Amino acid sequence: MNAYTLRAGCALVIAVMALDAIAQSKPIAYPSKGQSAQQQQNDDGACYSWAKSNTGIDPATASAAPPPQGGAAAGGGQRVGGAARGAAGGAAIGAIAGDAGKGAAVGAVAGTMAGGARARQEKRAQQSNAQAQSQGAMTTYYRAWAACMQGRGYSIQ
């Protein structure tokens, strides 16, 4: 992976996180028909329930969902596979140079490092996908909530 690709990936993750924060903020309801604060709280609660039941999304759990975990040891499989491939390649190169064992050891270390990098890249992609799904769910829920509140006489921004 070159430096440009790494920077572009980091910039994409940061942009997704910023959009996630913006998209998950609750819309603001203005009581355009003179509703009292108590009436607005009642309407907000009713619309929360209505949007939750109609979308199947509970914002209390959707935004607090933990990111997916990659397994017991992050990158365990990729590191082992990388070590095996590196050892095989290193042994072949070492055999040509005269010391297959030393070549295999160097190749295994390099393969382990490459496998770990691959595992971290996959984990970042999984986290990005989880954030995108959470963002989409919250957007759907807030659209339903806003429709309900507009139907009750509120201006939504």
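**The Cys47–Cys148 link and its surroundings**

In this predicted model, the link of Cys47 and Cys148 is left-handed, with -75° about the S-S bond.

Q: Which parts does the pair of Cys47 and Cys148 tie together, and how many residues apart in sequence are they?
A: The structure holds 1 disulfide, and this disulfide joins Cys47 to Cys148 with an S to S distance of 2.1 Å. Because Cys47 lies in helix α2 and Cys148 in helix α5, the pair ties together parts of the chain whose separation in sequence is 101 residues.

Q: Is Cys47 buried or exposed?
A: Cys47 belongs to helix α2, and its relative accessibility is 0%. Since buried means under 20% relative accessible area, that value places Cys47 in the class called buried.

Q: Cys47 and Trp145 are 98 residues apart in sequence; how far apart are they in space, C-alpha to C-alpha?
A: Leaving aside residues up to four places away in sequence, Cys47 touches Trp145, Cys148, Met149 and Arg152, so contact here, meaning heavy atoms within 4.5 Å, brings Trp145 into the surroundings of Cys47. Although 98 residues separate Cys47 from Trp145 in sequence, their C-alpha to C-alpha distance in space is 5.5 Å.

Q: Which element gives the largest share of the largest nonpolar core?
A: This core has 16 residues, of which Ala29, Tyr141, Trp145, Met149 and Ile156 touch the most other members. The elements that give two or more residues to the core are α2, α5 (100-151) and β2 (154-156). With 9 residues, the largest share comes from α5.

Q: Which residues does Tyr141 touch, not counting residues up to four places away in sequence?
A: Tyr141 is one of the core residues that touch the most other members. When residues up to four places away in sequence are not counted, the residues that Tyr141 touches are Tyr48, Ala51, Lys52, Thr55, Ile57 and Pro59.

Q: Is Asp58 buried or exposed?
A: Asp58 lies in the loop between α2 (37-55) and α3 (59-62), and its relative accessibility is 17%. Because the cut-off for the buried class is under 20%, Asp58 at this value counts as buried.

Q: Which side chain does a polar contact of 2.5 Å join to that of Asp58?
A: Not counting residues up to four places away in sequence, Asp58 touches Tyr48 and Lys52, both of which Tyr141 also touches. The polar contact of 2.5 Å joins the side chain of Asp58 to that of Tyr48.

Notes: Residues numbered from 1 in each chain as written. Predicted model: local features only at pLDDT ≥ 70, side-chain atom pairs only at ≥ 80, totals over all residues. Heavy atoms only, no water. Helix = DSSP H or I, 4+ residues; strand = E, 2+ residues; numbered from the N terminus. Buried < 20%, exposed > 50% of the residue type's maximum accessible area, 1.4 Å probe, protein only. Polar contact = N/O pair within 3.5 Å; in protein donor to acceptor, adjacent residues only side chain to side chain. Core = buried A, V, L, I, M, F, W, Y, C linked by side-chain atoms within 4.5 Å. Disulfide = S-S within 2.5 Å.
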